[in-house]
Amino acid sequence: MKIITSKTELTIQDMAEIISVHGAEYRRKLTLKKYYNGEHSILKKRGRENTDINNRLVSNYPAYISNISTGFFLGQPVTYKAATENQAALDTLLGIFKYNDEAAHNLNLAEESSVVGAAFEILYLDGDAKIRFSTVPSEEIILVVDSTLEENILYALRHYRIYGFNLVSYDEYVDVYDRRNVNHYSYGGGSLKLLSTTPHFFDDVPVVEYPNNRQRRGDFEDVLSLVDAYNLAQSLTADDLADFTDAFLLIKGLHIGDDDAAKDLRRRKIIELEDSGDARWLIKDLNDTYVENFKIRLQKDIHKFSNIPDMSDDSFSGNTSGVAIKYKLIGLEQVRSRKEREFKKALQRRIELISGILTLKSLPPVDFRDIDIQFTANIPANTAELAQIVTSLDGIVSQKTLLGLLPFVTDAAAELDELNEERGVEDVRDFNADIGGDDADIGLDT
């Protein structure tokens, strides 16, 4: 949640008012998380009267959509390269990232953002004065930004609960981050009580937002009504099938005296009728074709409007070329590109905050403009096809560019250096073989 203000400082009353209007956004995000976890509205479906039949089938499309989108976007970890000669600063930054298991952390952020539309991390110093960053539930964070075009963060409020061992009673707290300190409050009855104030040592509010898109919408948020309709259609179909199994037997021309006679008929599986008698099941006519076509339309609309392809579709089977696969994933690629732009800006802010602490520790600072942040779509690659392309372009395009086309080469420059080094050794061996000498006999006079 983001609130724009023209104030430069917030009072206790201002913060209490902000928290009081946070309820709607809080409930929205919890609802999206419930859908992701399979807690759909179909689970509240009421059964038909005078029957125990009440199927509540959950088709967890939200989890499928979010998992595919997140895996495609960040299944391959983000890589960082020094755009200038400041390699020492980059090594320091990568050491901090390794200490925080940054690849797994980024994946958690991307998943949270995919589900609810935005994710948040808080940077802090641990007991060893080392830089750490941690993901916090997005429903707990409220950003207060200024009214400029940059929307600079003035405050970050974290409103959360700590439950007791009975998981029923809880205490509410609010942590307020400004550009110098973090103020810890207890919250109750609509009022705040200051408990403590601690400096965080960062040169800005140490909270970073990772939007899923500019609208901060979840990947499956726009198709929830379609998911509910599909769940209902599946559940009602199952109810109809159960009704068919428990159908009434209509017997014409035969009087069954009591329950014992009915049980005897069921046991013997024989009915003796007069010439005018008849026996048939009393069932509801089911239009299977109409129902199945309706569910197929819902499925297609879910995939269409979420831009997530149906990976079980026959069009993805067989030896499909790389171009064909990319064409089928063009909608998903549009989603990924928007995620990348927002995520990259957030990573740059993370690096800025870390750089401030490095300066405080008299370590080489890191300028995010000197760091090349690279994302790689997690898409199956036709390696044989790429190898043919690389071979056909040899002598036309630089070796570094060609190596960058291969998905298993993560650092084209390093790979080229290693290739040149190997070629140098081979050249020496070839020269040695031509003159009939040994490697040990080769030397250079200075």
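The model is predicted: local features need pLDDT of at least 70, side-chain atom pairs count only at pLDDT 80 or more, and totals for chains, interfaces and linings use all residues. Residues are numbered from 1 along each chain as its sequence is written, and side-chain values use heavy atoms, with hydrogens and water left out. The protein chain has 13 helices and 13 strands. These are DSSP runs numbered from the N terminus: helices are H or I with at least four residues, strands E with at least two.

**Whole chain**

- Of the 446 residues, 36% count as buried, meaning under 20% relative accessible area with a 1.4 Å probe, protein chains only.
- The accessible surface is about 26900 Å², by the Shrake-Rupley method with a 1.4 Å probe.
- Carbon and sulfur atoms account for 51% of that surface.
- Among contacts (heavy atoms within 4.5 Å) between residues at least 6 apart in sequence, 66% join residues at least 24 apart.

**Nonpolar cores**

- A nonpolar core is a set of buried Ala, Val, Leu, Ile, Met, Phe, Trp, Tyr and Cys residues joined through side-chain atoms within 4.5 Å.
- The largest has 30 residues, and Y80, F343 and I354 touch the most other members.
- Elements that each supply at least two residues of this core include α3 (61–74), α4 (87–99), β3 (118–125) and α10 (330–360).
- The largest share, eight residues, comes from α10.
- Beyond its neighbours within four places in sequence, I354 contacts L93, I96, F97, L123, I131 and F133.
- Another core, of 21 residues, lies apart from it; V223, L226, V227 and Y230 are among its members.

**The β4-β3-β10 sheet**

- Three strands form an open sheet in the order β4-β3-β10, with antiparallel pairing; two strands pair if DSSP finds at least two bridges between them.
- β4 and β10 are the edge strands, each with a single partner, so one side of each has no neighbour in the sheet.
- The twist averages 25 degrees from one strand to the next.
- Five bridges join β3 to β10, and A118 stands opposite P211 in β10.
- α10 packs on the sheet and touches β3, β4 and β10.
- The direction of α10 makes about 165 degrees with that of β10; axes are lines fitted to C-alpha atoms, for helices over the stretch in contact, and angles run from 0 to 180 degrees between N-to-C directions.

**S355**

- S355 sits in helix α10 and counts as buried at 12% relative accessibility.
- Not counting residues up to four places away in sequence, S355 touches P365 and V366.
- A polar atom of the S355 side chain lies 3.0 Å from the backbone oxygen of V366.

Note on methods: Buried < 20%, exposed > 50% of the residue type's maximum accessible area, 1.4 Å probe, protein only. Polar contact = N/O pair within 3.5 Å; in protein donor to acceptor, adjacent residues only side chain to side chain.
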